[in-house]
Every structure is written in structure tokens, then in C-alpha cells.
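Biologist: Before I use any of these terms myself, I would like each one set against its cut-off. Could you take me through the structure in that way?

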Amino acid sequence: MSFPPPSPRNPSAAAVPELPPASPRTPRTPRPPITLTEPSKTKRPAKSSKALRALRSLFRTFPILTPACSFHAGLPRGGRPHDGHVHGASRTTGTLFGHRKARITLAIQENPGSVPVLLLELAMQTGKFMQEMGSEHLRIALECEKKANDKVRLLDEPLWTAYVNGRKIGYAVKREATEDDLTVMQLLHTVSVGAGVLPSDIVEPAEGDLAYMRAHFDRVVGSKDSESFYMLNPDGNNGPELSIFFIRI
């Protein structure tokens, strides 16, 4: 049995138009070289243990909660004198940044051109946090449990219960700086104070633009179990007030 011969081509059939060649994909903007300086008088953190890495992985699986319950521990009231500067405090640089639908990260640096001494990821979307910044006073309280004979420095604690304006939002976890974190800090190394958006073609293009807010903070060490950071508003007392409390109880 043989196949029938192919039918002749219909000359009246419309020719299929040829598609134009695909335009070349826009190349990703190269990352800037990292020139951040190491913090002074601090030791580089030890490599994470398996237990700590597992804890951080577990934190990633936690849902981003809507603030719902009240904070029960007492916190300092007010916090700053009218001139905006806390007597005896040390000056630091604080940056809050993240993709709008991702968790927001707090970075504390000695100055805008140094490697962060602390990176803390909070269980709150960046977009939601920026909305909270529209209020007159914003207070972040981070609480961890005190253990007997615990010699860990307060800011080296790995896991915190987080509250925003007295409402529990879930947890905050300390983590090491990633390549993306250092790229953000490098891009902002000439920025002392300000807020804005970094283009998506440099840091995680799939996640969209990255929002940030940077300011000077006064760091006040109350004891080995309590520290506070008070944002210095460049507009004096007319802008929002942000305070961050670390408490070990």
C-alpha cells in the first residue's frame, strides 16, 4: 500500500509573513565593586552553626502576619529631648530596605561606607512598613529571652519577637550579609539621609524595584540587655519619629 501523492500547492493561498528577528535582551546592569570598609573594633562573626542555619530556614517558612496583639513589656516613653539628639549616644547609620512584597530588612552601620554590623529581617512586608512610616510615631520593639550564663552580645542574638507600635507582627531574625545586601549598601554608600527606589536591573530584577529609607540614628546602650536606636529626622521635629528597642528579658 502506497501513500497518495501530495496535493499541489494552492497558488492563491496567502503567504505567511516572516516575523522580524527578536530584539536582543537588555543586559543586566553590572553590580558595582564592593568597597565598603570593615567595622572598627569588631570581630567578624563566626560561621553559622547547622542549628542556626536551620532556624533561619524555618523563619523563612513563617507567614507574614498582620499586627494583631499588644506588646506587654514596658518600653521607654518619648525617648528623645526636643533637640532630637540623645545626650551620650553614639551616631550610627540605619537603613530599612526591601522589595515591596518581600520582608523588610534593617541594616545598622557605623557609617554609610562600612559593612553592616547588624542585619535583621522582620516578618513584615516592605510596602506595609512604608505605610506605617506615615504615622507620626513608629516604635519597633524586639524582644528575646534571657538565658542563664548567656554571654552572647545583645545584638548577636539570632531570633527576636517583633512588635510595631505595640502590636506583634511575628519574628525578626539576624542574618549574614548576602551579595545583594552588600550591593545595596554599596549603591547607597554616598547617601547619608534619604529615601527612594533602586532600579530593578541591578538587584534581583524578578522582584521589581527595591525601596529604601536611610537616616542617622542615635544608639543608646542602657545595659547589656537593652539598647535603643532613635532616628534623627533631618526636618527637625516635623517629620515622623522612629525608635527601635532591643530588649532581653
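Modeller: Let us begin with the rings: a search of the whole structure finds 3 aromatic pairs, where a pair means that the ring centres of Phe, Tyr or Trp (its six-membered ring) lie within 6.5 Å, with planes under 30 degrees apart called stacked, over 60 edge-to-face and the rest tilted. The model is a predicted one, so local features are reported only at pLDDT of at least 70 and side-chain atom pairs only at 80 or more, whereas totals for chains, interfaces and linings use all residues. Numbering starts from 1 along each chain as its sequence is written, and side-chain values use heavy atoms, with hydrogens and water left out.

Biologist: Why is the pair of W160 and F246 called edge-to-face?

Modeller: The centres of the W160 and F246 rings are 5.3 Å apart and their planes stand at 80°, so the pair meets the edge-to-face criterion. W160 belongs to strand β5 and F246 to strand β10, so this pair ties together parts that are 86 residues apart in sequence. Both W160 and F246 are buried, a word that here requires under 20% relative accessible area, with exposed over 50% and partly exposed in between (1.4 Å probe, protein chains only).

Biologist: What makes F229 and F246 an aromatic pair?

Modeller: F229 and F246 lie 5.8 Å centre to centre with 75° between the planes, and this pair too is edge-to-face. F229 sits in strand β9 and F246 in strand β10, 17 residues apart, and the pair links distant parts of the chain. F229 is buried, as is F246, and W160, F229 and F246 form one aromatic cluster.

Biologist: How do you know that β4 is paired with β10?

Modeller: Two strands pair if DSSP finds at least two bridges between them, and β4 and β10 are joined by 8, running parallel; within this pairing E143 stands opposite I247 in β10. With β5, β4 forms 4 bridges in the antiparallel sense, and A141 there faces Y163 in β5. The strands themselves are DSSP runs (E, at least two residues; helices are H or I, at least four), numbered from the N terminus.

Biologist: What makes β4 mostly covered?

Modeller: Of the 8 residues in β4, 6 are buried, and on that count the strand is mostly covered. Over the chain of 249 residues, buried ones make up 39%.

Biologist: Which residues have the most contacts inside the largest nonpolar core?

Modeller: They are L142, L242, I244 and F246, in a core of 29 residues, the term standing for buried Ala, Val, Leu, Ile, Met, Phe, Trp, Tyr and Cys residues joined through side-chain atoms within 4.5 Å. Among the elements that give two or more residues to this core are β4 (137-144), β5 (159-164), β9 (226-232) and β10 (241-248). Leaving aside residues up to four places away in sequence, L242 touches several others, including L138, I140, F217 and F229, contact meaning heavy atoms within 4.5 Å. A second, separate core of 14 residues includes L119, L188, V191 and L210.

Biologist: Which residues of helix α3 are buried?

Modeller: In α3 (residues 179-187) the buried residues are D180, D181, T183, V184, M185 and Q186, and they pack against β1 (90-99), β2, β3, β7 (194-198) and β8. In total the chain has 3 helices and 10 strands, and 62% of its contacts with a separation of 6 or more join residues 24 or more positions apart.
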